[in-house]
Amino acid sequence: MDTAPPAPRRRHGPGQPWLALIRFQPWIVGSAAGLIGLVTLVLASVVWWHSNELADDNARERFDHVAQRVTGEFRARLDVGLELAQTLGAVDARLLRDRDGRVSGDLLLPAWAAALDLHPHLYGLYYGLDNGDFLQTVAVRGDPRIVAALRAPAGTHRAVRTLRPAARTARTEHWRFFDRAGGVLGEREQPSSYHPTERSWYREAQAQQGPVLGAAYTFASTQAPGLTTAAPLAGGGGVFGVDLTLTSLQAFLDASALSDNGAVAVLDDQGRALGASGRGPGHGLALSPLAVLRDVPLPLWQAAARTAAALGNDRVARVSLGGEAHVMVQHTVEPLPGARFQVLVFAPLSDFTASAIDTRNRMLGSTLAVLLVLLPLAWFGTRGVTRALRVLADNSERIQRIDFSTAPQPVRSHLYEVGLLGDAQQTMFASLKQRTEALELAQGKLQRLVDTGIELGRVRDRDTLLRNALFGARSLAHCQAATLLLREGEHLRFALRTSNDPLPELRLPLHGPDGQPQHRFVATHVALTGETVVIDDIYRETRFDVSGTKRFSDASGLRVVSLLCVPIRPRGGEVIGVLQLMNAQDGRGAAVPFDPEIVGFVEAVAAQAAVAIENQNLLDAQKALLDATIQMIAGAIDAKSAHTGGHCERVPELALMLAEQACAVSEGPLADFRFQTEDEWREFRIGAWLHDCGKVTTPEYVVDKATKLETLYNRIHEVRTRFEVLLRDAQIERLQAIHERGEAVADADARFAARQATLRDDFAFVAECNLGGEFMAPERVERLQRIAQQTWWRHFDDRLGLGQEELARHERTAAAPLPAPEALLADRPHHVVERPPTAALDPKYGFRLQVPEYLYHHGELHNLAVGRGTLTEEERFKIQEHIVQTIVMLENMPLPPSLRRVPEYAGTHHETLTGSGYPRRLAAEQLSVPSRIMAIADIFEALTASDRPYKKAKTLSEAIQILSFFKKDRHIDPVLFDLFLTSGVYRAYAERFLRPEQIDAVDIDRYLG
């Protein structure tokens, strides 16, 4: 390994992390400044954040309190009006009339006066009756505006207006003016156009039949905003109303505890200001009565009104108004459904954060002063330490680069810790240099060990594996020669050596003649004990007999001095071999003892070789077991039925013969077809062996069915017995006619003879149909049905002695009373066997078969009427189903990747190039060359098999001719069929497996092209 140190890294060069360029002194000074600045910044941020939070909480709490007070004050005014309207509205309207039926409030006026004095925000109380009468008390309280508006005498405290419509005269109203003590100051009567029943408060109260709160409006007398509450009189006939003035509300708002720039407003549901007050710039404005707040000339008021509309109901929030952060509090007042008011309080957040800003500025100033003092002190105080640390850093960079070309610089410092660090660095430098050199040597050995292990893991061939292990151990140990001995039973055999000298024909016994372990020799001792043995000089060895090694030295010219014997043993198993390494070499090539440190590496190589050998043995055993199991299954299938004996053995042979010829083709459609590896050949061979494994599920009586009525036995015997019964009945009828009815013997004999001839002829016809040798034309089926219509008498219960399943099929129909007439031939319900559900027909497999309704149909007419052969539709499907079962069985097996195509090779030999095959009706492009080979092999073997008792074996020429028809119909591959003939595979197979009498001449030219 190249041990030269890498090129020095530029200390300030490109590509280095920026942190690596920072020096100690700037770092210390900068860190001190940064730490002080960071702490100050954090504290300032905390103070700032906490002050802002306190200011925000203070603003929210303060303004929420103001909003609650304003809301309470405003709500109290509304509640007084609503309570008065409900309380005084409870008065019966009849109490308000005098004997003439005219309105009269003399009884109520003292109470009204007291209410007006008690509640200064009340403007007036009044009744309006359905007949147009009207009674009102107005709180003048000496207000010059009201006095002027009413033309009242000076000092008027309240005024009473009475309106009584006259039937014939014009409508007039009567005014009386009272001082604070209740004395009358004057009276006046004047025309009036006022009609209470036409006022909105009157109509709304009547419509609601309950208290109402009207929209705010401007009183004509004071030009100030006010509200009206009203409620219908008890028992009907009128409405009581209350006028509320909002003048005092404005005064309350002006006195609210706002901040320097705060503002407060009370809005109705139309956004009109019932009252508003502001102290800061942009707030002070003399609002006209009921002005819409968002339309006033000041942008700040407009923004506040729009934000309040967006906030919704009661909220406390921080918002931006006019580009500045504000705290806004909004409360909603809803005294009655549909009557909604808003109380809005807001102010800039800066009104509450001045102290936080001042604290922050003082802290930042203090930090700057501390930095100006500490930075120079830190700079001059770290100069000596910086120089020592620079030397330490330079030395560390050399260690980092593994540069041991020169000694490190000495470190001088007045600081004890820095000096001690320099001494430790010198010691570390020397130790690292020594260990690095040793590590590089060990790393080279480890790399060779890894490479050897990789090679052992890749190799599949046993001889190559052993050679790689032997040469890998010699290279790792750097020795002159090596030998490999393998254990075979109770002996060690010389299997391999690194030199080209021939191996000695020598087998070392592991036990002596007396049966005792042979520990005299090094190799046998290692094989018996599993211990590694190291001999530094065989000429001084006294523990073992090394005379054989000395003789080998003399004979080969290789003077063996040092010897290392290592066992090859799989984990937890017995020793399977021994590695012998001879003459470790030094740098000059001289023989030296084996370094103890190398022993572990050689043992690792031996362990890797042992695992690789064991794995190879296991793979070989697994393959052998699998192949034997597959051949056992195929043999069991052949042995299951005499009709298919040898088929599973002969088809693979024929398929492999044809595949070998196809792989040898170098031009045409088969030019690109090859089995490249042994695994691919094995995959095809296993697929061929298992091509009919599904036949284990096919009942033998279906495969072996030689006649139409045959199941587990030939049921023609039952039919013949019925004919016997009919003939016996004819004999009995003859005797009865002669002896009981006195007919002539000649007539009775003639009738009997005719009946006997008919029965014999009919049975012969039924028996002929049972053979299945002749096509069942329609006229034959009709005759069969006519014969079946004959009846015979059954006198015994046909449900006795039946198994459970058969009895269940009989019970589908009710039992007939005995004796019972039965048809000579019939398809009865118990002949039908229902098809159970099966996973083999799951759509996921892609089978495209026409599945019969029933599993079996043993009906006698159903079987005898089969058109060709002996199999019913159900039985034919059961036989075809063997390929379905083959595919299902193989696709559900956990096959390794090297056998992934076994289901394809085994399950496609009944497919055709026209897509008419089964079970998947694959098209030609879906059939691989191996699948097409399997189809030809399966058909040809079936045609020429001589162990099928139900048919005569075809001659070679007959089989080739039939295959040519399959080629013409594109049931088999034409190219492969031609290769089958031209390569001579057909004849080579015939000479191995056909009887001599089957092998005749074949003119292959007739079938080529």
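In strand S9, Thr 228 has Asp 243 as its bridge partner. This is a predicted model, in which local features need pLDDT of at least 70 and side-chain atom pairs count only at pLDDT 80 or more, while totals for chains, interfaces and linings use all residues. Residues are numbered from 1 along each chain as its sequence is written, and side-chain values use heavy atoms, with hydrogens and water left out. Helices (H or I, at least four residues) and strands (E, at least two) are DSSP runs, numbered from the N terminus.

**Strand S9 and its partners**

- Strand S8 (residues 225-232) runs antiparallel to S9, and seven bridges join the two; strands count as paired if DSSP finds at least two bridges between them.
- S8 and S9 form a hairpin with five residues between them, and Gly 235 in the turn has a positive phi of about 80 degrees.
- Strand S1 (residues 122-129) is also antiparallel to S9, again with seven bridges, and here Tyr 126 has Gly 241 as its bridge partner in S9.
- Eight of the eight residues of S9 (residues 238-245) are buried, so the strand is largely enclosed by the rest of the structure; buried means under 20% relative accessible area, exposed over 50%, and partly exposed in between (1.4 Å probe, protein chains only).
- Both faces of S9 are covered, with Phe 240 and Val 242 among the buried residues on one side and Val 239 and Asp 243 among those on the other.

**Strand S22**

- Strand S22 (residues 791-794) has a covered face, made of Trp 792 and Arg 794, and an uncovered one, made of Thr 791 and Trp 793.
- Four bridges join S22 to strand S23 (residues 820-823), and the two run antiparallel.
- Across this pairing, Thr 791 stands opposite Ala 823 in S23.

**Helix H24**

- Helix H24 (residues 929-944) has 16 residues and should span 22 Å at 1.5 Å a residue; its end C-alpha atoms are 23 Å apart, which agrees. The expected span is 1.5 Å times one less than the number of residues.
- H24 is mostly covered, with 14 of its 16 residues buried.

**His 857 and its surroundings**

- His 857 is found in strand S25 (residues 854-857) and counts as buried, at 12% relative accessibility.
- A polar atom of the His 857 side chain lies 3.1 Å from the backbone nitrogen of Gly 859.
- Leaving out residues up to four places away in sequence, His 857 touches Asp 827, His 831, Val 832, His 862, Asn 863, Thr 872 and Glu 874; contact means heavy atoms within 4.5 Å.

**Salt bridges**

- The structure holds 31 salt bridges, each a side-chain nitrogen of Lys or Arg within 4 Å of a carboxyl oxygen of Asp or Glu.
- Glu 488 and Arg 493 meet in one of 2.6 Å, N to O; Glu 488 is partly exposed at 33% relative accessible area, and Arg 493 is partly exposed at 29%.
- Arg 828 and Glu 822 form another, with their closest N and O atoms 3.4 Å apart; Arg 828 is buried at 17%, and Glu 822 is buried at 14%.
- Glu 891 pairs with Arg 920, with closest N and O atoms 3.0 Å apart. This pair links distant parts of the chain, 29 residues apart: Glu 891 is in helix H22 (residues 873-891), and Arg 920 is in the loop between helix H23 (902-907) and H24.
- Glu 733, Arg 741, Glu 743 and Arg 751 are linked in a network of salt bridges.

**Cysteines**

- The count of disulfides comes to zero, where a disulfide is a pair of cysteine sulfur atoms within 2.5 Å.
- Cys 565 is buried at 0% relative accessibility, and Cys 769 is buried at 1%.

Terms used. A polar contact is a pair of N or O atoms within 3.5 Å; within protein, one must be able to donate a hydrogen and the other to accept it, and residues adjacent in sequence count only if both atoms are side-chain atoms.
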